[in-house]
Amino acid sequence: MTIQRPKGTQDLLPGTIEQWQYLEDTIRSVCREYGYEEIRTPMFEATELFQRGVGQTTDIVKKEMYTFLDKGNRSMTLRPELTASVCRAYVENKLYGQPQPVKLYYIGPMFRYERPQSGRFRQFHQFGVEVLGADQAIVDAEVISLVWNLYRRLGLVGLEVHVNSVGCPTCRASHREQLQEFLAVRKAELCNDCQERFERNPLRILDCKNPSCQAVTAGAPTTKDTLCADCSTHFARVLDILGRAGVVYRVNPRLVRGLDYYTKTAFEVMVEEIGAQSAICGGGRYDKLVEEIGGPPTAGIGFAMGIERVLAALQVQDKLPKKEPKLFAMLIALGEKAQTEGFALLNALRSQGLPAGMDLLGRSLKNQLKSADRQGARYALILGEEELARNVLVIKDLSLGEQREVPLTDAVEEINKNYQRGV
Ligand code: HAM
(Lines give C-alpha, C1' and ligand atoms only; values in the text may rest on other atoms or scores of the structure.)
Protein backbone atom coordinates (compact mmCIF):
# COMPACT_ATOMS: atom_id res chain seq x y z
CA MET A 1 0.00 0.00 0.00
CA THR A 2 1.23 3.49 -0.75
CA ILE A 3 2.01 5.72 2.18
CA GLN A 4 -0.56 8.44 2.77
CA ARG A 5 -0.46 11.66 4.75
CA PRO A 6 -1.59 11.37 8.37
CA LYS A 7 -5.33 11.74 9.05
CA GLY A 8 -6.37 15.34 9.68
CA THR A 9 -3.44 16.87 7.79
CA GLN A 10 -3.26 18.49 4.36
CA ASP A 11 -0.83 18.91 1.49
CA LEU A 12 -0.98 22.50 0.31
CA LEU A 13 -0.27 22.45 -3.39
CA PRO A 14 0.34 25.17 -5.99
CA GLY A 15 -3.09 26.50 -6.91
CA THR A 16 -4.11 26.59 -3.23
CA ILE A 17 -0.95 27.94 -1.69
CA GLU A 18 -1.47 31.30 -3.44
CA GLN A 19 -4.63 31.73 -1.37
CA TRP A 20 -2.64 31.13 1.81
CA GLN A 21 0.00 33.61 0.70
CA TYR A 22 -2.67 36.22 -0.05
CA LEU A 23 -4.20 35.76 3.42
CA GLU A 24 -0.80 35.80 5.12
CA ASP A 25 0.24 38.96 3.24
CA THR A 26 -2.97 40.71 4.27
CA ILE A 27 -2.47 39.62 7.88
CA ARG A 28 1.10 40.93 7.88
CA SER A 29 0.07 44.33 6.53
CA VAL A 30 -2.70 44.72 9.11
CA CYS A 31 -0.26 43.72 11.90
CA ARG A 32 2.21 46.30 10.65
CA GLU A 33 -0.48 48.97 10.72
CA TYR A 34 -1.29 48.08 14.33
CA GLY A 35 2.38 47.92 15.38
CA TYR A 36 2.59 44.18 16.11
CA GLU A 37 5.88 42.35 15.55
CA GLU A 38 6.31 38.71 14.58
CA ILE A 39 7.47 36.02 16.99
CA ARG A 40 8.42 32.42 16.11
CA THR A 41 8.72 29.83 18.85
CA PRO A 42 9.51 26.07 18.68
CA MET A 43 7.04 23.55 17.25
CA PHE A 44 7.37 21.54 20.48
CA GLU A 45 7.72 22.51 24.11
CA ALA A 46 8.02 20.80 27.50
CA THR A 47 4.63 19.14 28.13
CA GLU A 48 4.41 20.86 31.51
CA LEU A 49 4.08 24.25 29.81
CA PHE A 50 0.69 23.32 28.34
CA GLN A 51 -0.42 21.39 31.43
CA ARG A 52 0.18 24.47 33.55
CA GLY A 53 -0.72 27.07 30.96
CA VAL A 54 -3.75 25.69 29.10
CA GLY A 55 -5.05 23.77 32.15
CA GLN A 56 -5.15 20.12 33.28
CA THR A 57 -8.94 19.86 32.98
CA THR A 58 -9.24 21.14 29.41
CA ASP A 59 -10.02 18.83 26.48
CA ILE A 60 -6.81 20.00 24.83
CA VAL A 61 -4.58 18.78 27.66
CA LYS A 62 -6.66 15.74 28.61
CA LYS A 63 -7.33 14.31 25.18
CA GLU A 64 -5.76 16.18 22.30
CA MET A 65 -2.04 16.64 22.80
CA TYR A 66 0.63 14.98 20.68
CA THR A 67 2.94 14.10 23.56
CA PHE A 68 6.09 11.98 23.28
CA LEU A 69 9.22 11.14 25.23
CA ASP A 70 12.36 12.31 23.47
CA LYS A 71 15.51 10.22 23.50
CA GLY A 72 16.56 11.92 26.74
CA ASN A 73 13.30 10.74 28.37
CA ARG A 74 11.84 14.26 28.55
CA SER A 75 8.13 14.63 27.92
CA MET A 76 7.59 16.92 24.94
CA THR A 77 4.39 18.10 23.23
CA LEU A 78 3.74 19.44 19.75
CA ARG A 79 2.23 22.86 20.38
CA PRO A 80 -1.59 22.73 20.45
CA GLU A 81 -1.77 26.55 20.67
CA LEU A 82 0.72 29.37 21.06
CA THR A 83 -0.39 31.61 23.93
CA ALA A 84 1.46 29.54 26.55
CA SER A 85 4.59 29.39 24.33
CA VAL A 86 4.56 33.16 23.75
CA CYS A 87 4.28 33.75 27.52
CA ARG A 88 7.16 31.32 28.09
CA ALA A 89 9.24 33.19 25.52
CA TYR A 90 8.30 36.52 27.15
CA VAL A 91 9.58 35.28 30.50
CA GLU A 92 12.61 33.36 29.20
CA ASN A 93 13.83 36.25 27.04
CA LYS A 94 13.01 38.82 29.73
CA LEU A 95 10.79 40.79 27.36
CA TYR A 96 9.22 42.30 30.49
CA GLY A 97 12.42 44.39 30.69
CA GLN A 98 11.56 46.07 27.37
CA PRO A 99 9.14 48.98 26.94
CA GLN A 100 5.65 47.65 27.61
CA PRO A 101 3.32 46.50 26.25
CA VAL A 102 5.00 43.94 24.02
CA LYS A 103 2.76 43.39 20.97
CA LEU A 104 3.44 40.16 19.08
CA TYR A 105 1.86 38.12 16.31
CA TYR A 106 2.43 34.65 14.85
CA ILE A 107 1.32 32.51 11.94
CA GLY A 108 2.04 28.79 12.02
CA PRO A 109 0.92 25.20 12.48
CA MET A 110 -0.65 23.83 15.68
CA PHE A 111 -1.38 20.20 16.51
CA ARG A 112 -4.40 18.69 18.22
CA TYR A 113 -5.50 15.06 18.18
CA GLU A 114 -9.13 15.83 17.39
CA ARG A 115 -11.71 13.91 15.37
CA PRO A 116 -11.10 15.29 11.87
CA GLN A 117 -14.10 16.71 10.01
CA SER A 118 -14.81 19.62 7.74
CA GLY A 119 -12.99 22.64 9.24
CA ARG A 120 -11.33 20.54 11.94
CA PHE A 121 -7.83 19.21 11.43
CA ARG A 122 -5.09 17.59 13.48
CA GLN A 123 -2.51 19.89 12.01
CA PHE A 124 -4.10 23.29 11.47
CA HIS A 125 -2.75 26.81 11.25
CA GLN A 126 -3.37 29.83 13.38
CA PHE A 127 -2.73 33.51 13.04
CA GLY A 128 -2.68 34.99 16.52
CA VAL A 129 -1.63 38.06 18.45
CA GLU A 130 -0.63 38.46 22.08
CA VAL A 131 -0.23 41.75 23.95
CA LEU A 132 1.72 41.45 27.17
CA GLY A 133 2.14 44.04 29.90
CA ALA A 134 -1.04 46.14 29.58
CA ASP A 135 -4.24 45.65 31.57
CA GLN A 136 -6.38 48.55 30.33
CA ALA A 137 -9.71 48.00 28.57
CA ILE A 138 -8.44 49.96 25.57
CA VAL A 139 -6.06 47.06 24.81
CA ASP A 140 -8.96 44.59 24.69
CA ALA A 141 -10.66 46.94 22.24
CA GLU A 142 -7.52 47.26 20.11
CA VAL A 143 -7.16 43.50 19.82
CA ILE A 144 -10.81 42.95 18.91
CA SER A 145 -10.76 45.83 16.43
CA LEU A 146 -7.68 44.32 14.76
CA VAL A 147 -9.71 41.15 14.07
CA TRP A 148 -12.66 43.22 12.88
CA ASN A 149 -10.56 45.32 10.53
CA LEU A 150 -8.73 42.33 9.13
CA TYR A 151 -12.05 40.70 8.20
CA ARG A 152 -13.25 43.91 6.64
CA ARG A 153 -10.03 44.21 4.65
CA LEU A 154 -10.59 40.67 3.40
CA GLY A 155 -14.14 41.56 2.43
CA LEU A 156 -15.81 39.01 4.71
CA VAL A 157 -19.42 39.73 5.67
CA GLY A 158 -21.99 38.23 8.04
CA LEU A 159 -19.55 37.74 10.91
CA GLU A 160 -20.75 37.60 14.47
CA VAL A 161 -18.44 38.90 17.16
CA HIS A 162 -19.50 37.42 20.51
CA VAL A 163 -18.07 39.03 23.64
CA ASN A 164 -18.31 38.10 27.28
CA SER A 165 -16.47 38.62 30.55
CA VAL A 166 -15.50 35.49 32.48
CA GLY A 167 -14.35 37.58 35.44
CA CYS A 168 -11.28 37.28 37.63
CA PRO A 169 -10.44 34.49 40.14
CA THR A 170 -12.37 36.37 42.84
CA CYS A 171 -15.67 36.73 40.98
CA ARG A 172 -15.23 33.35 39.34
CA ALA A 173 -15.17 31.66 42.75
CA SER A 174 -18.58 33.07 43.57
CA HIS A 175 -19.90 32.13 40.11
CA ARG A 176 -18.60 28.62 40.56
CA GLU A 177 -20.46 28.30 43.86
CA GLN A 178 -23.72 29.63 42.40
CA LEU A 179 -23.40 27.45 39.33
CA GLN A 180 -22.74 24.28 41.33
CA GLU A 181 -25.71 25.07 43.53
CA PHE A 182 -27.91 25.56 40.45
CA LEU A 183 -26.72 22.36 38.76
CA ALA A 184 -26.55 20.10 41.82
CA VAL A 185 -30.23 19.10 41.74
CA ARG A 186 -30.03 17.92 38.11
CA LYS A 187 -26.47 16.64 38.13
CA ALA A 188 -27.60 13.13 37.17
CA GLU A 189 -28.97 14.45 33.84
CA LEU A 190 -25.56 15.75 32.75
CA CYS A 191 -23.38 13.76 30.33
CA ASN A 192 -20.41 11.81 31.74
CA ASP A 193 -17.91 14.50 30.76
CA CYS A 194 -19.97 17.20 32.47
CA GLN A 195 -20.42 15.10 35.61
CA GLU A 196 -16.66 15.05 35.80
CA ARG A 197 -16.51 18.80 35.06
CA PHE A 198 -18.97 19.49 37.89
CA GLU A 199 -16.24 19.41 40.55
CA ARG A 200 -13.18 20.29 38.52
CA ASN A 201 -14.36 22.96 36.09
CA PRO A 202 -18.14 23.56 36.20
CA LEU A 203 -17.91 26.65 33.96
CA ARG A 204 -17.17 24.38 30.99
CA ILE A 205 -20.58 22.70 31.43
CA LEU A 206 -22.14 25.89 30.02
CA ASP A 207 -20.29 25.18 26.76
CA CYS A 208 -21.31 21.51 26.37
CA LYS A 209 -22.99 20.76 23.03
CA ASN A 210 -24.92 17.77 24.42
CA PRO A 211 -28.68 18.61 24.24
CA SER A 212 -29.44 17.15 27.69
CA CYS A 213 -26.69 19.30 29.26
CA GLN A 214 -27.96 22.33 27.38
CA ALA A 215 -31.43 21.71 28.79
CA VAL A 216 -30.01 21.52 32.31
CA THR A 217 -27.94 24.68 31.95
CA ALA A 218 -30.72 26.82 30.45
CA GLY A 219 -31.20 29.69 32.88
CA ALA A 220 -28.01 28.85 34.82
CA PRO A 221 -26.16 31.82 36.37
CA THR A 222 -23.58 33.18 33.92
CA THR A 223 -20.23 34.74 34.75
CA LYS A 224 -21.65 38.09 33.75
CA ASP A 225 -24.16 37.90 36.64
CA THR A 226 -21.41 37.60 39.23
CA LEU A 227 -18.76 40.06 38.04
CA CYS A 228 -17.01 42.06 40.76
CA ALA A 229 -16.98 45.85 40.47
CA ASP A 230 -13.55 45.96 38.82
CA CYS A 231 -14.39 43.32 36.17
CA SER A 232 -17.76 44.88 35.54
CA THR A 233 -16.31 48.37 34.96
CA HIS A 234 -13.60 46.91 32.73
CA PHE A 235 -16.17 45.07 30.60
CA ALA A 236 -18.44 48.10 30.27
CA ARG A 237 -15.46 50.17 29.15
CA VAL A 238 -14.43 47.58 26.51
CA LEU A 239 -17.95 47.58 25.06
CA ASP A 240 -18.09 51.35 25.10
CA ILE A 241 -14.84 51.74 23.15
CA LEU A 242 -15.81 49.02 20.67
CA GLY A 243 -19.17 50.62 20.00
CA ARG A 244 -17.59 54.00 19.37
CA ALA A 245 -15.07 52.39 16.99
CA GLY A 246 -17.89 50.92 14.93
CA VAL A 247 -17.22 47.27 15.81
CA VAL A 248 -20.50 45.37 15.71
CA TYR A 249 -20.61 42.84 18.57
CA ARG A 250 -23.04 40.78 20.57
CA VAL A 251 -22.72 40.24 24.31
CA ASN A 252 -23.04 36.50 24.82
CA PRO A 253 -23.11 35.71 28.55
CA ARG A 254 -22.84 31.99 27.79
CA LEU A 255 -19.60 32.30 25.89
CA VAL A 256 -17.08 30.06 27.61
CA ARG A 257 -13.67 29.39 26.15
CA GLY A 258 -12.10 25.93 26.04
CA LEU A 259 -8.84 26.97 27.70
CA ASP A 260 -8.43 27.67 31.41
CA TYR A 261 -6.29 30.77 31.40
CA TYR A 262 -8.93 33.40 30.60
CA THR A 263 -9.81 36.30 32.89
CA LYS A 264 -12.22 39.18 32.16
CA THR A 265 -12.84 39.67 28.41
CA ALA A 266 -13.40 36.57 26.24
CA PHE A 267 -14.56 36.67 22.63
CA GLU A 268 -15.19 34.57 19.55
CA VAL A 269 -16.00 35.32 15.93
CA MET A 270 -18.42 33.03 14.07
CA VAL A 271 -19.38 32.58 10.44
CA GLU A 272 -22.37 30.28 10.11
CA GLU A 273 -21.85 29.64 6.38
CA ILE A 274 -18.80 27.42 6.92
CA GLY A 275 -20.71 24.72 8.79
CA ALA A 276 -20.49 23.19 12.24
CA GLN A 277 -16.97 24.47 12.92
CA SER A 278 -18.14 28.05 12.67
CA ALA A 279 -15.69 29.67 15.12
CA ILE A 280 -13.06 31.35 13.00
CA CYS A 281 -11.42 33.20 15.86
CA GLY A 282 -11.25 33.03 19.64
CA GLY A 283 -9.39 34.87 22.33
CA GLY A 284 -9.45 36.89 25.49
CA ARG A 285 -7.57 38.30 28.42
CA TYR A 286 -5.29 36.10 30.56
CA ASP A 287 -3.94 38.27 33.37
CA LYS A 288 -2.62 35.38 35.49
CA LEU A 289 -0.96 33.19 32.86
CA VAL A 290 2.55 34.68 32.84
CA GLU A 291 2.70 34.30 36.63
CA GLU A 292 1.30 30.78 36.38
CA ILE A 293 4.27 29.71 34.27
CA GLY A 294 6.83 31.34 36.56
CA GLY A 295 7.10 34.95 35.33
CA PRO A 296 6.38 38.28 37.02
CA PRO A 297 2.72 39.34 37.33
CA THR A 298 1.89 40.50 33.79
CA ALA A 299 -1.44 41.20 32.16
CA GLY A 300 -2.04 39.63 28.75
CA ILE A 301 -4.64 39.47 26.01
CA GLY A 302 -4.76 37.94 22.56
CA PHE A 303 -6.61 35.79 20.07
CA ALA A 304 -5.99 33.15 17.46
CA MET A 305 -7.86 32.51 14.23
CA GLY A 306 -7.95 29.32 12.21
CA ILE A 307 -6.39 30.04 8.83
CA GLU A 308 -8.20 27.07 7.21
CA ARG A 309 -11.55 28.35 8.49
CA VAL A 310 -10.94 31.92 7.34
CA LEU A 311 -10.01 30.56 3.90
CA ALA A 312 -13.18 28.46 3.87
CA ALA A 313 -15.22 31.60 4.63
CA LEU A 314 -13.42 33.54 1.88
CA GLN A 315 -14.13 30.68 -0.52
CA VAL A 316 -17.84 30.46 0.35
CA GLN A 317 -18.22 34.23 0.01
CA ASP A 318 -16.19 34.25 -3.22
CA LYS A 319 -13.73 36.77 -1.82
CA LEU A 320 -10.48 35.08 -2.86
CA PRO A 321 -8.42 36.94 -5.46
CA LYS A 322 -8.41 35.54 -8.98
CA LYS A 323 -5.40 33.42 -9.92
CA GLU A 324 -2.55 35.45 -11.36
CA PRO A 325 -0.58 34.24 -14.42
CA LYS A 326 2.60 32.46 -13.43
CA LEU A 327 4.88 33.89 -16.10
CA PHE A 328 5.22 37.16 -17.97
CA ALA A 329 7.41 35.82 -20.77
CA MET A 330 8.14 32.35 -22.10
CA LEU A 331 11.30 31.75 -24.08
CA ILE A 332 10.87 29.43 -27.04
CA ALA A 333 14.35 28.40 -28.11
CA LEU A 334 14.70 26.00 -31.02
CA GLY A 335 17.97 24.09 -31.26
CA GLU A 336 20.85 23.72 -28.86
CA LYS A 337 22.65 26.93 -29.78
CA ALA A 338 19.48 29.03 -29.44
CA GLN A 339 18.80 27.31 -26.14
CA THR A 340 22.20 28.31 -24.76
CA GLU A 341 21.86 31.92 -25.93
CA GLY A 342 18.25 32.08 -24.82
CA PHE A 343 19.15 30.75 -21.40
CA ALA A 344 21.55 33.69 -20.90
CA LEU A 345 18.76 36.08 -21.97
CA LEU A 346 16.39 34.42 -19.51
CA ASN A 347 18.92 34.83 -16.71
CA ALA A 348 19.17 38.54 -17.43
CA LEU A 349 15.36 38.92 -17.37
CA ARG A 350 14.96 36.91 -14.16
CA SER A 351 17.72 38.84 -12.40
CA GLN A 352 15.67 41.99 -13.04
CA GLY A 353 12.75 40.39 -11.21
CA LEU A 354 10.70 39.46 -14.27
CA PRO A 355 8.95 36.05 -14.08
CA ALA A 356 10.08 34.18 -17.18
CA GLY A 357 10.37 30.53 -18.17
CA MET A 358 11.48 28.22 -20.95
CA ASP A 359 10.78 24.74 -22.17
CA LEU A 360 12.80 22.12 -20.28
CA LEU A 361 11.65 19.07 -22.21
CA GLY A 362 12.79 19.75 -25.79
CA ARG A 363 9.22 20.14 -27.10
CA SER A 364 8.24 21.29 -30.60
CA LEU A 365 7.48 24.95 -31.40
CA LYS A 366 3.74 24.22 -31.40
CA ASN A 367 3.81 22.53 -28.03
CA GLN A 368 6.02 25.22 -26.54
CA LEU A 369 3.53 27.88 -27.67
CA LYS A 370 0.70 25.85 -26.12
CA SER A 371 2.58 25.60 -22.84
CA ALA A 372 3.28 29.37 -22.85
CA ASP A 373 -0.43 29.95 -23.22
CA ARG A 374 -1.31 27.49 -20.45
CA GLN A 375 1.00 29.27 -18.06
CA GLY A 376 -0.65 32.58 -18.82
CA ALA A 377 2.49 34.15 -20.36
CA ARG A 378 1.87 37.49 -22.02
CA TYR A 379 4.81 37.17 -24.42
CA ALA A 380 6.55 34.34 -26.23
CA LEU A 381 10.20 35.12 -27.02
CA ILE A 382 11.06 33.08 -30.08
CA LEU A 383 14.68 32.33 -30.86
CA GLY A 384 15.52 29.84 -33.64
CA GLU A 385 18.73 29.20 -35.65
CA GLU A 386 17.64 31.74 -38.21
CA GLU A 387 16.96 34.54 -35.67
CA LEU A 388 20.25 33.74 -34.01
CA ALA A 389 22.12 34.13 -37.30
CA ARG A 390 20.57 37.61 -37.71
CA ASN A 391 21.03 38.48 -33.99
CA VAL A 392 17.34 39.18 -33.44
CA LEU A 393 14.58 37.94 -31.17
CA VAL A 394 10.89 37.59 -32.10
CA ILE A 395 8.60 38.97 -29.40
CA LYS A 396 5.11 37.61 -29.83
CA ASP A 397 2.26 39.20 -27.88
CA LEU A 398 0.15 36.17 -27.05
CA SER A 399 -2.97 38.09 -26.13
CA LEU A 400 -3.02 40.26 -29.29
CA GLY A 401 -1.42 37.70 -31.60
CA GLU A 402 1.00 40.36 -32.95
CA GLN A 403 4.73 39.92 -33.26
CA ARG A 404 7.81 42.06 -33.85
CA GLU A 405 11.55 41.60 -34.08
CA VAL A 406 14.08 43.35 -31.84
CA PRO A 407 17.89 43.22 -31.91
CA LEU A 408 19.07 40.62 -29.38
CA THR A 409 21.18 43.25 -27.61
CA ASP A 410 18.04 45.37 -26.89
CA ALA A 411 15.80 42.44 -25.98
CA VAL A 412 16.10 42.58 -22.17
CA GLU A 413 15.45 46.32 -22.08
CA GLU A 414 12.47 46.05 -24.47
CA ILE A 415 10.76 43.23 -22.57
CA ASN A 416 11.43 44.85 -19.24
CA LYS A 417 9.89 48.11 -20.45
CA ASN A 418 6.67 46.25 -21.22
CA TYR A 419 6.81 44.46 -17.88
CA GLN A 420 7.23 47.70 -15.92
CA ARG A 421 4.28 49.25 -17.78
CA GLY A 422 2.26 46.08 -17.16
CA VAL A 423 1.59 45.50 -20.88
P1 HAM B 1 -8.84 28.24 20.34
O2 HAM B 1 -10.25 28.70 20.47
O3 HAM B 1 -8.52 26.89 20.87
O4 HAM B 1 -7.95 29.35 21.05
O5 HAM B 1 -8.39 28.30 18.83
C6 HAM B 1 -8.53 29.48 18.07
C7 HAM B 1 -9.04 29.19 16.68
O8 HAM B 1 -8.23 28.20 16.06
C9 HAM B 1 -10.44 28.62 16.63
O10 HAM B 1 -11.42 29.64 16.69
C11 HAM B 1 -10.43 27.94 15.26
O12 HAM B 1 -10.69 28.89 14.25
C13 HAM B 1 -9.01 27.44 15.15
N14 HAM B 1 -8.93 26.00 15.47
C15 HAM B 1 -8.84 25.44 16.70
N16 HAM B 1 -8.75 24.09 16.60
C17 HAM B 1 -8.80 23.79 15.29
C18 HAM B 1 -8.75 22.58 14.53
N19 HAM B 1 -8.62 21.39 15.11
N20 HAM B 1 -8.82 22.66 13.18
C21 HAM B 1 -8.93 23.87 12.55
N22 HAM B 1 -8.98 25.04 13.22
C23 HAM B 1 -8.91 25.02 14.56
C24 HAM B 1 -6.59 29.29 21.14
O25 HAM B 1 -5.89 28.52 20.55
C26 HAM B 1 -6.01 30.40 22.02
N27 HAM B 1 -4.56 30.22 22.08
C28 HAM B 1 -6.39 31.75 21.47
C29 HAM B 1 -5.82 32.88 22.27
C30 HAM B 1 -4.71 33.61 21.96
N31 HAM B 1 -6.30 33.34 23.41
C32 HAM B 1 -5.53 34.33 23.83
N33 HAM B 1 -4.55 34.47 22.96
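Asp-193 is partly exposed, with a relative accessible area of 35%. In this predicted model, the side chain of Asp-193 meets that of Lys-63 in a salt bridge, with 3.4 Å from N to O. The pair brings together distant parts of the chain, since Lys-63 sits in helix α3 (residues 59–64) and Asp-193 in helix α7 (residues 192–200), 130 residues apart. The structure holds 30 salt bridges.

**Salt bridges**

- Lys-63, the partner of Asp-193, is partly exposed as well, at a relative accessible area of 45%.
- Both residues belong to a network of salt bridges that links Asp-59, Lys-63, Asp-193 and Arg-197.
- Glu-33 and Arg-153 form a salt bridge in which the closest N and O atoms are 2.7 Å apart. Glu-33 belongs to helix α1 (residues 17–34) and Arg-153 to helix α5 (residues 137–154), so this pair also links distant parts of the chain, 120 residues apart. Arg-153 has a relative accessible area of 44% and is partly exposed.
- A salt bridge joins Arg-250 to Glu-160, with 3.0 Å between the closest N and O atoms. Here the link is between strands: Arg-250 is in β8 (residues 250–251) and Glu-160 is in β7 (residues 160–165), 90 residues apart. Arg-250 is partly exposed at 44% relative accessible area, and Glu-160 is partly exposed at 31%.

**Arg-204**

- Arg-204 is placed in the loop between α7 and α8 (211–217).
- Its relative accessibility is 10%, so Arg-204 counts as buried, the cut-off being under 20%.
- Beyond its neighbours within four places in sequence, Arg-204 is in contact with Asp-59, Arg-197, Val-256, Arg-257 and Gly-258. Asp-59 and Arg-197 are also members of the salt-bridge network described above.

- Helix α4 (residues 83–92) is mostly covered, with 9 of its 10 residues buried.
- The buried residues are Thr-83, Ala-84, Ser-85, Val-86, Cys-87, Arg-88, Ala-89, Tyr-90 and Val-91.
- Their cover includes strands β2 (44–46), β5 (102–111) and β6 (123–132), together with helices α2 (47–53) and α10 (289–292).
- Glu-92 also lies in α4, but Glu-92 is exposed, with a relative accessible area of 55%. From C-alpha to C-alpha, Glu-92 and Pro-169 are 26 Å apart in space, and they are 77 residues apart in sequence.
- Lys-94 is exposed, at 54% relative accessible area.

**Ligand shell**

- The ligand is surrounded by 27 residues, and the closest are Glu-81, Thr-83, Glu-114, Phe-121 and Tyr-262. Thr-83 is also one of the buried residues of α4.
- A polar backbone atom of Ala-279 is 2.9 Å from a ligand oxygen. For Ile-280, a backbone N or O atom lies 3.4 Å from an oxygen atom of the ligand. For Gly-302, a backbone N or O atom lies 3.5 Å from a ligand nitrogen.
- On its own the ligand has 660 Å² of accessible area, of which the protein covers 96%.
- Strands β6, β10 (279–285) and β11 (300–306) are the elements that give two or more residues to the shell. The largest share, 6 residues, comes from β10.
- The shell is made up of 12 nonpolar, 8 polar and 7 charged residues.

**Backbone geometry**

- Most residues other than glycine have a negative phi, and most peptide bonds are trans.
- Lys-94 has a positive phi of about 50 degrees although it is not a glycine.
- Asn-391, likewise not a glycine, has a positive phi of about 60 degrees. Asn-391 is placed in the loop between α14 (385–389) and β15 (392–397).
- The peptide bond between Gln-100 and Pro-101 is cis, with omega at about -5 degrees.

Definitions and conventions:
Residues numbered from 1 in each chain as written. Predicted model: local features only at pLDDT ≥ 70, side-chain atom pairs only at ≥ 80, totals over all residues. Heavy atoms only, no water. Salt bridge = Lys/Arg side-chain N within 4 Å of Asp/Glu carboxyl O. Helix = DSSP H or I, 4+ residues; strand = E, 2+ residues; numbered from the N terminus. Buried < 20%, exposed > 50% of the residue type's maximum accessible area, 1.4 Å probe, protein only. Contact = heavy atoms within 4.5 Å. Near = heavy atom within 4 Å. Polar contact = N/O pair within 3.5 Å; in protein donor to acceptor, adjacent residues only side chain to side chain. Areas by Shrake-Rupley, 256 points an atom, 1.4 Å probe, with all protein chains shown as cover. Nonpolar A, V, L, I, M, F, W, Y, C, P; charged D, E, K, R; others polar.
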